[in-house]
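Subject: Structure handover

Hello,

Here is the structure I said I would pass on. Please open it next to this message and follow along as you read.

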Amino acid sequence: MTKEIIINSTNEETRIVLREDEKVVELFVEAPEHERMVGDIYKAKVSRVLPGMQAAFIDIGLEQNAFLHFSDVSSFYKQFFSDKEEAPPRRRRSYRDFDPARELRRGQDIMVQIVKEPISSKGCRVTSEITLPGRFVVLIPYQRNIGISRKIEDPKERKRLKDLARQIIPANFGLIIRTVAGGKSERELKRDISDLMNTWKKMESQIKEAEAPSLVYKDLSMASSIIRDLFTADVNQVHVDSRKMMRDISNYVKDVAPHLVHKINYYKGKEPIFDHFKVEEELEKMTHSQAWMKNGGYIVIHPTEALVSIDVNSGKYIGRKDHETNSLKINLEAAREIARQARLRDLGGLIVIDFIDVLEQENKKKIFLELRKEFAKDRAITKIESMSRFGLIEMTRQRVRPQVIHSIYQACPTCSGTGLVPTIATTVSRMERWLQRYRASRGDRRVIIHVTPDVYSYMNKGRYNKRLRLMWKYWMKITMVKDESLEVGQFKVFTAHKKREIILSEGKKKAA
């Protein structure tokens, strides 16, 4: 499998895509208004403690308070503000000994790290278990645990790394060995830890001096963090269209993985880099609810407030075998496309997939295993249930940031993101109801109504048109004016004498 990272940088935003076998599987967008926040560490204050919710709200200096669940409160959280260099207990205290509802107090200082960015009206989610990520290891202050990435499957390599970690782990720190550390030497891991310890020492002085709430550690920019986390030996090329970013990435890679520097290329072409690699046309399709497959089938993706529903359809596919075999073939292809679209669109939370019905239990198992195999490539944590008797597969996918599409598009101001606007007939009906209320409350019989051009044509079409019918019905003189500044479904009513906009007694302008 070929893997490429393509980076497009402009004055307004940076876009990064990961391609596998020339298909875009992940997209990251960073702009000033959508700056990456996951991994940032704050010296914060407890704003409210809600035992009934098993959570606390934390003031980190942003518009919305952050959410801290009690399960994310470390029993070592006070160590950050301790003057004495006390060694933490060997074991984490049990829940009976450590109760966040008793420990946390309003106005208390606390160190927290963002683990999930704000989504919609919800503030970010934080944890008091602080971690400092490096290229090969993750450092955890005031803990002594050693963890190895589950994706390192070789038992001998796991044992080697764990033995090595025991030798080089700093005092009063825990350590997580990352996937990319597989096969690395003691010297490389020590260097990574040394860099993280330097970062930690700078943080310690800020923790003592800074007034809460304040930012004490900012994680790498999106481009640097993507290179840190994704640029491994199995990546064939990194293409960048910015000389400055090229230099920054090269300097970073020279320090942490000098053997990979030769894979970084500066794109010199005249056409935009995403056009050259045919990435732009794939990104344009992200706005469509339908995603077509090579075999002629397609999937329909509908994100809702509670979950994401995905429907699999046969589309243009015409099989040559029996229905069961045809359905299985479409479903297997759909499983691969669903995994790709979930990564590309960054779908998160509960996902329900409605596959085409298959009768044989063995075929249901094949679909489930195919889906699980494809999601194994995903960096996000996923949990997948077997197919139910209704042909549905339920799964969850870790969500740490808003869907990437919200970084590129905003909700339509006319339809408020529904994709629906009133029909002309509905607009005219609303207008008539407005006139009915107006006639019931006032005696004035002359009005001027500003409408959109399509409604104007609709109302004045024919000799006995709809405007005349309204005039006869309510015994009023109605003058209509085209107003191209109005949005679809809107209208405004003015007095004929002084040309003032009419506001009914409920105090609202009656527009769609």
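Is E370 buried or exposed? Its relative accessibility is 12%, and buried means under 20%, so E370 counts as buried. Please keep in mind that the model is predicted, so every value in this message is computed from it.

The N-terminal end of α8 is capped by D322, with a side-chain oxygen 3.2 Å from the backbone nitrogen of E324. Just after the helix comes D346, which has a positive phi of about 55°.

N295 sits in the loop that links β16 (290–292) to β17 (298–303). At 19% relative accessibility, N295 counts as buried, because the cut-off is under 20%. What does the N295 side chain reach at 2.9 Å? It is the backbone nitrogen of G297. Leaving out residues up to four places away in sequence, N295 touches Y317, K329, I330 and E333. N295 and S314 are 19 residues apart along the chain, and 8.9 Å separates their C-alpha atoms.

Now a sheet. Four strands form an open sheet in the order β9-β10-β12-β11, and the pairing is mixed. Which strands stand at the edges? They are β9 (132–133) and β11 (146–148); each has a single partner strand, so one side of each has no neighbour in the sheet. As background, strands of a sheet pair through backbone hydrogen bonds, either parallel or antiparallel. Strands β9 and β10 (residues 137–141) run antiparallel and are joined by two bridges. Opposite P133 stands V138 of β10. Helix α2 (residues 155–168) lies across β11 and β12 (173–177), at about 155° to β11.

The largest nonpolar core has 30 residues, and those touching the most other members are I41, L132, V137, I177, L189, W200 and M203. Two or more residues of this core come from each of β10, α2, β12, α3 (186–209) and β13 (214–217). Which element gives the largest share? It is α3, with seven residues. In general, nonpolar side chains tend to be buried together in soluble globular proteins. Take L132 as an example: leaving aside neighbours within four places in sequence, its contacts are I41, V137, V138, L139, L196, W200, M203 and Y217. Another core, of 29 residues, lies apart from this one, and its members include I330, A339, A342 and F368.

Strand β22 (residues 446–451) pairs with β24 in the antiparallel sense over five bridges. I449 has V493 in β24 as its bridge partner. Strand β24 covers residues 491–495, and four of its five residues are buried, so the rest of the structure largely encloses it.

Regards

Note on methods. Residues numbered from 1 in each chain as written. Predicted model: local features only at pLDDT ≥ 70, side-chain atom pairs only at ≥ 80, totals over all residues. Heavy atoms only, no water. Pairing = 2+ DSSP bridges. Contact = heavy atoms within 4.5 Å. Axes fitted to C-alpha atoms, helices over the stretch in contact; angles between N-to-C directions. Polar contact = N/O pair within 3.5 Å; in protein donor to acceptor, adjacent residues only side chain to side chain. Core = buried A, V, L, I, M, F, W, Y, C linked by side-chain atoms within 4.5 Å. Buried < 20%, exposed > 50% of the residue type's maximum accessible area, 1.4 Å probe, protein only.
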